[in-house]
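Please read the points below with the model open beside them.

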Amino acid sequence: MTRDDMKKMAAEAALEYVEAGTVVGVGTGSTANHFIDALARIKHKIDGAVASSEATAQRLQSHGIPVLDLNAVDELPLYVDGADESNKYLHLIKGGGGALTREKIVAAVSRTFVCIADDSKLVDVLGAFPLPIEVIPMARSYVARQLLQRGGRPVLREGFVTDNGNQILDVHNLEILDPVQLESELNQIVGIVTNGLFARRPADVLLLGTEQGVRKLT
Ligand code: 5RP
């Protein structure tokens, strides 16, 4: 079984969280793409979706799923998205696809956040995957110096511009022992739009595709 098969397995399992007559928040990336393809099979049951990126909006629309502005939605019972890493507390690193800001907004609004991934994403300590940080372009060097002072090694994601017109620093060398504290600390650095730690608002459910089937962590 390939990693992609495991991602697809987790994405299919997330369908059971979709409630009829509601709007579904949808994440970004290859695992979220599998979820979108699965959601298309039951599209007549839902009112539409809120997208966490332009790419996701396009894929939803290509399946004929209405894409709604988050501001037009009163409540979002469910958000389904992938992750780059998760610990057992369902604190996540996200943003490998660069969509972290809109992902964090949709996650904040949603009542239940179901994270879908293959089992290689579950780790003991977050940080082997470089932490993505979206920055306002004029603040890039200042933010990079602040990150160096905290022991990180920021690397500019070359040639990449986010859906919000900003840049991404991928921060290597971090061993993140207290994700909630680091997320809060990074939120204080002027010029950072969003950091890729999803710990203050973690996932509620993690569905992992494994060789043995889908493993559920809560
Ligand atoms: C995008 C993300 C993705 O959820 C994360 O990068 C995982 O991607 P994939 O499902 O392709 O492994 O945070 O910004």
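The notes that follow take the basis of the model, then the sheets, then the ligand.

1. This is a predicted model, in which local features need pLDDT of at least 70 and side-chain atom pairs count only at pLDDT 80 or more, while totals for chains, interfaces and linings use all residues. Residues are numbered from 1 along each chain as its sequence is written, and side-chain values use heavy atoms, with hydrogens and water left out.

2. Six strands make an open sheet with mixed pairing, in the order β2-β1-β3-β6-β12-β13. Strands here are DSSP runs (E, at least two residues), numbered from the N terminus, and two of them pair if DSSP finds at least two bridges between them. At the edges are β2 (48-51) and β13 (213-217), each pairing on one side only. On average, neighbouring strands of this sheet are turned by 25 degrees against each other, direction ignored; the axes are lines fitted to C-alpha atoms, and angles run from 0 to 180 degrees between N-to-C directions.

3. Within that order, β6 (residues 110-118) pairs with β12 (residues 205-210) in the parallel sense, over five bridges. Cys 115 has Leu 206 of β12 opposite.

4. A further open sheet has three strands in the order β4-β5-β11, with antiparallel pairing. Its edges are β4 (85-86) and β11 (197-198); each has a single partner strand, so one side of each is left without a neighbour in the sheet. Strand β5 (residues 92-93) pairs with β11 over two bridges in the antiparallel sense, and Leu 92 has Phe 198 as its bridge partner in β11.

5. A polar side-chain atom of Asp 84 lies 2.6 Å from a ligand oxygen. From the backbone, a polar atom of Thr 28 is 3.2 Å from an oxygen atom of the ligand, and an N or O atom of Gly 82 is 3.3 Å from one. The protein covers 91% of the 380 Å² of accessible area that the ligand has on its own (Shrake-Rupley method, 1.4 Å probe).

Terms used
Helices (H or I, at least four residues) and strands (E, at least two) are DSSP runs, numbered from the N terminus. A polar contact is a pair of N or O atoms within 3.5 Å; within protein, one must be able to donate a hydrogen and the other to accept it, and residues adjacent in sequence count only if both atoms are side-chain atoms.
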